[in-house]
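Here's a quick tour of a model you can follow along with on screen. Have a look at it first, and then we'll go through it site by site.

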Amino acid sequence: MIQKISEIEQIIRTHDEFLITSHENPDGDAVGSMASMGYLLKAMGKKFSIYNASRIPDKFQWVKMPCPVDNQYFPGSHSWIIALDCGDLKRTGEKLAAEAIEPIINIDHHHGNPGFGQINWVSTHYSSAGEMVARLADRLDIRINGHLAEGIYLAMVSDTGFFSFGNTSPEVLELAAKLIRNGINPGLINAKILNQWSVERLHLHGLAMQQAIFYLNGRIGLIWVTREMLERTGASSEDCEGLVNTLRNVKSVEVAISLREEDAKRVKFSLRSTGRINVQRMAAEFDGGGHKNASGGIIYADMKNARTMIKEVVSRHLQA
Ligand code: 5GP
Ligand code: MN
């Protein structure tokens with residue numbers, strides 16, 4: 001790993017014109033790691049752009065980005081692409097995955113990342129891609145404060161559930177302590193990250209939770225959101241985030257499943273577990289991915305069939 005990070009260090013020192021990107025429908029780690037990588041390059045005096053296939057969700061509009069985020073990718077306009085938090089090249093979106101000409105630096109912490117870059121720094125040891133950007137900043141002697149620190153903090157709390165999941169390592173807490181020493185105010189920034197709910201979102205969560213169903217003596221919890229439920233509550237598909245974690249709060253639940261209808265033939269799924277139960281392997285049966293305790297993907301079916309399919313896969317794994 002030391003070798004990979006020093007290769008990246010060398011490329012950054014000796015090149016210019018980087019394109020920073022992350023996965024579509026960006027989460028806190030994606031937004032935070034893109035922002036902090038931008039501030040890192042800015043501190044190095046480098047030219048860079050940021051591209052994401054999706055627009056930055058409303059709940060992250062408070063995040064100060066180092067430059068505007070483009071939604072269009074023009075192949076060949078940069079020297080290197082830096083892909084952050086992408087378990088797979090497809091996660092950057094169809095356009096870049098199909099048409100990228102530039103060499104890619106792949107910085108990621110997902111299990112099963114195939115190493116799609118020319119340089120691959122991939123390790124599940126790290127809590128978040130943001131944590132990896134912080135390690136790189138240390139190597140490059142860049143002080144982690146201000147907006148750079150905010151991006152890293154957002155990334156780390158998003159992927160560790162505010163330091164509650166199993167990936168909360170001593171290094172994560174030491175880095176958090178350093179960010180606070182360097183000026184981050186956890187009370188203020190946590191409020192910005194957490195208190196983003198709309199009334200529509202509250203109503204959607206209420207509706208979905210009422211309908212939650214349980215299998216295998218409550219060991220599996222399943223919650224789902226259809227297009228019709230979004231219309232009825234006025235919520236957006238982004239508002240489904242977090243439902244799966246609430247479902248995992250049920251005492252009997254070992255695997256929490258949430259399903260979101262994208263269209264008549266596509267359902268997005270999320271899986272969550274605790275401890276030794278590996279939901280990444282369950283997601284892999286649908287070509288999805290992620291981590292041992294948090295994974296996701298797409299099921300190409302209607303909602304009714306998707307429910308049956310995922311329930312059967314999860315039951316089989318739990319009973320094996
Ligand atoms: P979420 O359920 O919050 O969308 O995602 C949980 C984890 O699963 C994240 O680490 C994310 O990277 C991964 N994940 C979600 N959707 C997909 C997908 O379609 N493909 C792959 N490979 N991983 C996914
Ligand atoms: Mn991540």
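## Ground rules

A polar contact here is a pair of N or O atoms within 3.5 Å; within protein, one must be able to donate a hydrogen and the other to accept it, and residues adjacent in sequence count only if both atoms are side-chain atoms. This is a predicted model, with local features needing pLDDT of at least 70 and side-chain atom pairs counting only at pLDDT 80 or more, while totals for chains, interfaces and linings use all residues. Residues are numbered from 1 along each chain as its sequence is written, chains are lettered from A and ligands numbered from 1 in the order in which they are written, and side-chain values use heavy atoms, leaving out hydrogens and water.

## Around ligand 1

Let's start with the polar contacts. The side chain of histidine 110 has an N or O atom 2.8 Å from an oxygen of ligand 1. Histidine 291 puts a polar side-chain atom 3.1 Å from a ligand 1 oxygen, and for glycine 296 a polar backbone atom is 3.1 Å from an oxygen of the ligand. On its own, ligand 1 has 490 Å² of accessible area, and the protein covers 77% of that (Shrake-Rupley method, 1.4 Å probe; for residues, only the protein chains shown count as cover).

There are 13 residues around ligand 1, and His110, Lys268, Ser270, Arg272 and His291 come nearest (a residue is near if one of its heavy atoms lies within 4 Å). By class, the shell has one nonpolar, nine polar and three charged residues; Ala, Val, Leu, Ile, Met, Phe, Trp, Tyr, Cys and Pro count as nonpolar, Asp, Glu, Lys and Arg as charged, and the others, Gly among them, as polar. Strands (E, at least two residues) and helices (H or I, at least four) are DSSP runs numbered from the N terminus.

## The manganese site

Asp29 (OD), Asp85 (OD), His109 (NE2) and Asp159 (OD) coordinate the manganese ion (ligand 2) at 2.1 to 2.3 Å. Their spacing in sequence reads D-x55-D-x23-H-x49-D. Aspartate 85 sits in the loop between β4 (80-84) and α3 (94-99) and aspartate 159 in helix α5 (residues 146-160), so this pair ties together parts 74 residues apart in sequence. Donors are N, O and S atoms within 2.8 Å of the metal (3.2 Å for Na, K and Ca); water is not among the atoms, so sites may look incomplete.

Both of those aspartates are buried: aspartate 85 has a relative accessible area of 2%, and aspartate 159 has 16%. Buried means under 20%, exposed over 50%, and partly exposed in between (1.4 Å probe, protein chains only).

Serine 22 belongs to strand β1 (residues 18-22) and is buried at 0%. Its side chain reaches the backbone oxygen of leucine 84 at 2.7 Å. Beyond four places in sequence, serine 22 has contacts (heavy atoms within 4.5 Å) that include Tyr51, Asp85 and Arg91.

Glycine 93 lies in the loop between β4 and α3 and is buried at 1%. Outside its sequence neighbours up to four places away, glycine 93 touches Glu24 and Ala53.

## Two positive phi values

Most residues other than glycine have a negative phi. Phenylalanine 162, in the loop between α5 and α6 (170-181), has a positive phi near 50 degrees and is partly exposed at 29%. Aspartate 287 has a positive phi of about 70 degrees; it is found in the loop between α11 (279-284) and β11 and is exposed at 69%.
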